[in-house]
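Here are my notes on this one, as numbered points. Have the structure open while you read.

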Amino acid sequence: IRCWSNIPFITVPLSRAHGKSFAHRSELKHAKRIVVKLGSAVVTRGDECGLALGRLASIVEQVSMLQNQGREMMIVTSGAVAFGKQRLRHEILLSQSVRQALHSGQSQLKDMAIPVLEARACAAAGQSGLMALYEAMFTQYSICAAQILVTNLDFHDEQKRRNLNGTLHELLRMNIVPIINTNDAVVPPPEPNSDLQGVNVISVKDNDSLAARLAVEMKTDLLIVLSDVEGLFDSPPGSDDAKLIDIFYPGDQQSVTFGTKSRVGMGGMEAKVKAALWALQGGTSVVIANGTHPKISGHVITDIVEGKKVGTFFSEVKPAGPTVEQQGEMARAGGRTLAALQPEQRAEIIYRLADLLTDQREEILLANKKDLEDAENKGRLALPLLKRLSLSTSKLNSLAIGLRQIAASSQDSVGRVIRRTRVAKDLDLEQVTVPIGVLLVIFESRPDCLPQVSALAIASGNGLLLKGGKEAAHSNQILHHLTQEALSIHGVKDAVQLVNTREEVEDLCRLDKLIDLIIPRGSSQLVRNIQKAAKGIPVMGHSEGICHVYVDTDASVEKVTRIIRDSKCEYPAACNALETLLIHRDLLRTPLFDQIIDMLRVEQVKIHAGPKFASYLTFSPSEVKSLRTEYGDLECCIEVVDSVEEAVEHIHKYGSSHTDVIITENEKTAEFFLQHVDSACVFWNASTRFSDGYRFGLGAEVGISTSRIHARGPVGIEGLLTTKWLLRGDNHVVSDFSEHGSMKYLHESLPLPQRNTN
């Protein structure tokens, strides 16, 4: 905790030696000293008269938040001219109206022309008001602001430059936010082509060049330039093929076409790029972003500092491999080529991958051993996650068997006709299966997920982007290499891409133009985060696996303990493991109930009592904090219900629609449970652990979906397909089917082609 003027604020550990800019966005969170440049289009209203007060208030709030974290914030602001123009127009209108009323003697005023206002006069009239506004806003966050007006001479005169530098350092030392602006009341008109005059000199002719000069002079870590465009584009923004450039490198300016400058202000995008590159060369990282968009302006500055993919980031370090955007395009093109292969060729790729998993097992296990050793040394993974991370010979053999099942069952997955209709004479309609497109699969601590998901994507003709956890980096690397080796036999190596760049998951979820479906494989927290972050991309999966087993009064003694033990203890970290055990009230204090409790104690399962169960006991286990808990370990909740109807009601209220089980010998009760429980998987006298693509005979699964749209339950090849309609006609037009037309609709169902069942 630091204090200034008796006001405490939280600090974060921020320190780095200045001299070299950050290489990656993820490093921006370490920025200590930050300059925020507010362009005229950000500060002013659309009519160019007056300030955008809501936007400005949001920016002040973000700057204050970062300042109170212990960062040193500076603002280079425009807006004095616009604010002054508003004030002068008001004064002129008032003066003209009074003068006209006095001289004309008429009560009705004529239309009055407002003269063109000189910019320097507007700046002189607006500077004090602009600063008063900033002071009032920062005061709301107990932060003091100070105004500094500069001109080009203040940087070229050595004494003035030292004075300016000393003033800024002293203000920052006192936790004051300097607000800097060019002194537009006295500044001469800008000279053309005087932006860059060598490494150590940049002419201050607008606030872009001022911000760059100031950032380098003050050894700033980060310069944020806010304008009215998202960043740099490879062609004029708004054109059909324009793509936002995520990272801009020195030398890339030849590949950028600069459009016209914004509606207000002195600098255009070309000036911003030149200033940004100059600052980058001086050791300051730069991000150019949109500060006017209503959906993002409220958090654009904090998002940039957190390392999120916002705007264009300037970096001197080019990555060794392709960007994630390039990988997405490669996966799209590779997936289309993959879908065009013959089914036998796709199956051949999967068979080859299955062989490689067993042939190269020593190399795979060696890489996995490195991951396990790293995780154990760093102590960052809980025991259940370590078990998921671990590979073994038996796991690889099971994987290979599953992959061969996928290959065998995928022969007619893509292009299968599922409906044929004769719409009219010589006009036949078909509905056929096609790949979804590009899948993004995000998985944690599960390297065995990579070949499974790859095989399903290959079988369904989908392009695939894989984002694995860093704890499995070595394992994922070799498994992806083997996957691409298998794909190479038919020249579709690029169809499956492993994302190794530093993109955060949240940034990947925003690539709606590259990704068609996101499938998360991991903790419930991961799934919830992805569902929240996904922008316009559907997410297939389940956020929680709260699975129930209900023990009915007519349950078999022999079956109960076996099913409960398998459901809870066989693999407690799995999403299909038992989490809540529902017991019929009549079974309390019976030998069967005692057997259940004894078995759980022997298996070292920690028991949490539900509210009703606790009320029956004198000395009960710890009462459950929530009946909606996924433990993922040797723990479970026990609750009491009065009937099968109450069990169903409990599952609907507290479950996650994943997998729920009834144990009973009463067929009528079982059928009631099967028909009324609204979950993806509902079982009778079988373990919850059967809820799995491999055990269902799907070969493998990309995950278990609790969604009610498209796919539900374990998702195999079928869940990765969608359909398209093919209409074959012969000079047919809709007007022929009108009331007086010559054609009539038939809508006859036609037989489907014979499926390959081998």
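**Notes on the predicted model**

1. Let's start inside. Val287 has 0% relative accessibility, so it counts as buried. Bear in mind throughout that this is a predicted model. You'll find Val287 in strand S9, which covers residues 285-290.

2. What does Val287 touch, leaving aside residues up to four places away in sequence? The list is Leu28, Leu222, Leu223, Ile224, Val225, Ile304, Val310, Thr312 and Phe313. Take Ile304 from that list: Val287 and Ile304 sit 17 residues apart in the sequence, and their C-alpha atoms are 7.7 Å apart in space.

3. Now the whole chain. The protein has 758 residues, and 51% of them are buried. Its secondary structure comes to 23 helices and 26 strands. Of the contacts with a separation of 6 or more, 74% link residues 24 or more positions apart.

4. Next, have a look at the second largest pocket, which holds about 1,200 Å³ of space. Its lining counts 47 residues, and those nearest the centre are Arg446, Asp448, Arg521, Tyr571 and Ala574. Two or more lining residues come from each of helix H13 (383-389), helix H14 (393-409), strand S16 (517-521), helix H18 (524-533) and strand S23 (703-705). Helix H14 gives the most, with 6 residues.

5. Last, two backbone spots to check by eye. Gln604 is not a glycine, yet its phi is positive, at about 60°. Gln604 belongs to the loop between helix H20 (591-602) and strand S19 (606-609). With a relative accessible area of 66%, Gln604 is exposed, the cut-off for that being over 50%.

6. Ser657 is the other spot: a residue other than glycine with a positive phi, near 60°. Its loop runs between helix H22 (644-654) and strand S21 (659-663). Is Ser657 buried or exposed? Ser657 is buried, since its relative accessible area is 19% and buried means under 20%.

Key. Residues numbered from 1 in each chain as written. Predicted model: local features only at pLDDT ≥ 70, side-chain atom pairs only at ≥ 80, totals over all residues. Heavy atoms only, no water. 1 Å grid on protein atoms, 1.4 Å probe; cavity = no way out; pocket = protein on both sides within 12 Å on 5 of 7 lines; lining within 4 Å. Points joined across faces, edges and corners; volume = space filled by probe spheres on them. Helix = DSSP H or I, 4+ residues; strand = E, 2+ residues; numbered from the N terminus. Buried < 20%, exposed > 50% of the residue type's maximum accessible area, 1.4 Å probe, protein only. Contact = heavy atoms within 4.5 Å.
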